[in-house]
Amino acid sequence: MEQLNRSELRKKIMTILYQINIYDKNKIEYSVDNVIKEVCEIENEFVKDIVYGVITYKKDIDDLANQYLNEWTIDRLGNTDQSILRMGIYELIYTDTPEIVSINEAVELAKLYSDDDVRKMINGVMDKVYHSKKD
């Protein structure tokens, strides 16, 4: 089994968070571990840490995102966009991933999966969160 690099793992995390978001919105019961297993064939600590981290701090992450989404809220974004932004903010605030990597990875995913306006929004929020963290 080939080892996936972190960028590829983040795509999997985005998919897992997307799935969990759908289940939550539709009030469908699920096991986080099962959702992870469906998407990731192999156990991966990086994936687990980020998925569980985002779930644990979702309210704080959303509050932070909403603070910087000018006259917009994270729940108005598409499920994919929400997943990218939550993962990006989580990595930026709660992990030792270098800040520039967290921002770039979120923006790269947004380039692949979000439209241009949303990509700019995600980039802007990540940038503002990064600068607020510095202050």
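This is a predicted model: local features need pLDDT of at least 70, side-chain atom pairs count only at pLDDT 80 or more; totals for chains, interfaces and linings use all residues.
User: Which residue does Lys59 pair with, and how far apart are the closest N and O atoms?

Analyst: Lys59 pairs with Asp63, and their closest N and O atoms are 2.8 Å apart. Both residues sit in helix α4 (residues 58-68), and because they are four residues apart, about one helical turn separates them.

User: Is Lys59 buried or exposed?

Analyst: For this you compare the relative accessible area with two cut-offs: under 20% is buried, over 50% is exposed, and partly exposed lies in between. Lys59, at 58%, is therefore exposed. Asp63 has 37%, so this residue is partly exposed.

User: What does the salt bridge between Lys12 and Glu41 tie together?

Analyst: Start with the contact itself: the N to O distance between the two side chains is 3.8 Å. Lys12 belongs to helix α1 (residues 6-25), while Glu41 is in the loop between α2 (32-39) and α3 (45-56), so the bridge ties together parts 29 residues apart in sequence. Glu41 is exposed, its relative accessible area being 55%.

User: And Asp62 with Arg86: are they buried or exposed?

Analyst: Both are buried. Their side chains form a salt bridge with an N to O distance of 2.7 Å. This pair links distant parts of the chain, with Asp62 in helix α4 and Arg86 in helix α5 (residues 79-94), 24 residues apart.

User: What span should α5 have?

Analyst: You multiply 1.5 Å by one less than the number of residues. For the 16 residues of α5 that gives 22 Å, and the C-alpha atoms at its ends are 22 Å apart, so the two values agree.

User: How far apart are Asp24 and Thr56 in space?

Analyst: Their C-alpha atoms are 14 Å apart, and the two residues are 32 apart in sequence. Asp24 lies in helix α1 and is partly exposed, at 34% relative accessibility.

How values were computed
Residues are numbered from 1 along each chain as its sequence is written. Side-chain values use heavy atoms; hydrogens and water are left out. A salt bridge is a side-chain nitrogen of Lys or Arg within 4 Å of a carboxyl oxygen of Asp or Glu. Helices (H or I, at least four residues) and strands (E, at least two) are DSSP runs, numbered from the N terminus. Buried means under 20% relative accessible area, exposed over 50%, partly exposed in between (1.4 Å probe, protein chains only).
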